[in-house]
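The sequence and the model come first.

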Amino acid sequence: MELVKDPGKCCGCGACEQVCPKSAITMQEDEHGFLYPQIDGAKCVDCGLCLKTCAFQSGYPTRKEYDPPFGYAARHKDPEILMNSRSGGAFTAISDQILKMGGVIYGVGYEGRGYRKVVHKRAQTARERDEFCGSKYVQSDMRQVYRQVKQDLQDGCWVLFTGTGCQTGALHKFLGKEYARLLTMDLVCYGVPSPKVWRDFLDMREREERCRISAVDFRDKKKFGWKTHRETITVGKVRKKEISSRLYTKIFIKALATRPSCFECVYVNQNRVGDITIADFWGHEEAVPGFAQDDRGVSLVMVNTEKGKQIWEMARDDLDVEECTGYPYRHSRMQTPTAKPKQYDEFWQDYRDRGFDYIMKKYCGYDVILPEDWKKKVRKLAGKCKRKLKKVLKKILK
């Protein structure tokens, strides 16, 4: 059986791997760093369950019960929680309700050394959950999360699952039935960049600074505000150094390292796959004039189901909220998929042939200068100065 004929038709959610009864499918990284399913022909029995479970190709179950969905501008009342969130902190307020009921949260965090591996993981406490706060502009590895979610639900546990539209749609398709204690919350997504490019970016920073990375912030709101998109990488643990730039941001915004399926995304609409949808509320100044004008972030919350509304009503006590149901939201990723850039194929060709440092210079205008390079440049400059000084002295002595 062949699962993927066209990379643009696979979002890499991994549902096919986790649903396979014979463990014949494994998700393997291609040359760009994206995960695709590979089938072991010796194990496959052609049951077709993988294709039936592929929501990206066979269609996804929408959660839409309200038309239009209830819409809200929201911001957390706790200033510390607000500043640790990338938008308005709605995720924290909603997930707190699930934790109060003894439930668990699934979201995106890190695994291993130096923030290199971005993964979906499970949290049982507020402290564990806080790792999920903040944007991660990298495609997360789902690992065996769908199976974990199913087991939690079968054990009678409340579960909040958060992810992109394709990840959330994949979970519902994998489960194949409704669970009263499952709340899903999908994110309005611009597209997911390559994990390999992200690893190379971090490797570059460590080579430049000769120091291990100790923290990352994909969008540093504390330094630059909510609307200014700049990343901050921290190196060192004792004598810390923060490096802020728009280098990785440029790659992300230009969609040069984005997964091919994102340009054909079937989740770009208001027929959402989550009980609740959250996003940055761009254009909130027009939707709710006078609300949160200080550039500290605002969440757009769309409530799509009755279950979502029940949890949302509980979470509202922790938030400042203004309703804007029916407002024509300006978020472009609910209208059309991200456009494939003209330089997309050229970018990947350069990446394969010339490496990461070259694409940083060509597409971001950044010369990667290592400590060894600086020493060579200083020696070369000193030699030139010495020769010039000799010429000047000769002229004076004449």
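The sections below take up the sheet, one of its strands, the pockets and the cysteines.

## Basis

The structure is a predicted model. Every value given below is computed from it.

Strands of a sheet pair through backbone hydrogen bonds, in either a parallel or an antiparallel sense. Both senses occur here. E4 and E6 pair in the parallel sense over 3 bridges, and Val 104 has Val 159 in E6 as its bridge partner. E11 and E12, by contrast, pair in the antiparallel sense over 5 bridges. The pairing of strand E3 (residues 70–76) with E12 is also antiparallel and also runs over 5 bridges.

## Strand E12

E12 covers residues 299–303 and is mostly covered, with 5 of its 5 residues buried. In a regular strand, side chains alternate between the two faces of the sheet. In E12, Ser 299, Val 301 and Val 303 point one way, while Leu 300 and Met 302 point the other way. The residues of both sets are buried.

Val 303 takes part in bridges to two strands. It is the bridge partner in E12 of Phe 70, and likewise the bridge partner in E12 of Ile 276.

## The largest pocket

The volume of the largest pocket is about 1,000 Å³. Its lining consists of 45 residues, and those nearest the centre are Ser 135, Tyr 137, Leu 187, Val 188 and Asp 280. Sorted by class, the lining has 18 nonpolar, 20 polar and 7 charged residues.

Several elements each supply at least two residues of this lining: helix H5 (90–100), strand E4 (104–111), strand E6 (159–164), helix H11 (247–253) and strand E11 (276–280).

Two or more lining residues come from each of helix H4 (79–83), H5, helix H6 (126–129), strand E8 (213–217), helix H10 (221–224) and strand E9 (231–235). E8 gives the most, with 4 residues.

By class, this lining divides into 8 nonpolar, 8 polar and 13 charged residues. H5 contributes to the lining of this pocket and to that of the largest pocket.

## Cysteines

How many disulfides does the model have? The count is 0. A disulfide is a covalent bond between the sulfur atoms of two cysteines, and the cut-off applied here is a pair of cysteine sulfur atoms within 2.5 Å.

Two cysteines illustrate the result. For Cys 20, the closest cysteine sulfur is that of Cys 47, at 6.1 Å, which is too far for a bond. For Cys 166, the closest cysteine sulfur belongs to Cys 11, at 4.1 Å, again too far for a bond. Cys 20 counts as buried because its relative accessibility is 12%, and Cys 166 is buried with a relative accessible area of 14%; the cut-off for buried is under 20%.

Notes: Residues numbered from 1 in each chain as written. Predicted model: local features only at pLDDT ≥ 70, side-chain atom pairs only at ≥ 80, totals over all residues. Heavy atoms only, no water. 1 Å grid on protein atoms, 1.4 Å probe; cavity = no way out; pocket = protein on both sides within 12 Å on 5 of 7 lines; lining within 4 Å. Points joined across faces, edges and corners; volume = space filled by probe spheres on them. Nonpolar A, V, L, I, M, F, W, Y, C, P; charged D, E, K, R; others polar. Buried < 20%, exposed > 50% of the residue type's maximum accessible area, 1.4 Å probe, protein only. Pairing = 2+ DSSP bridges.
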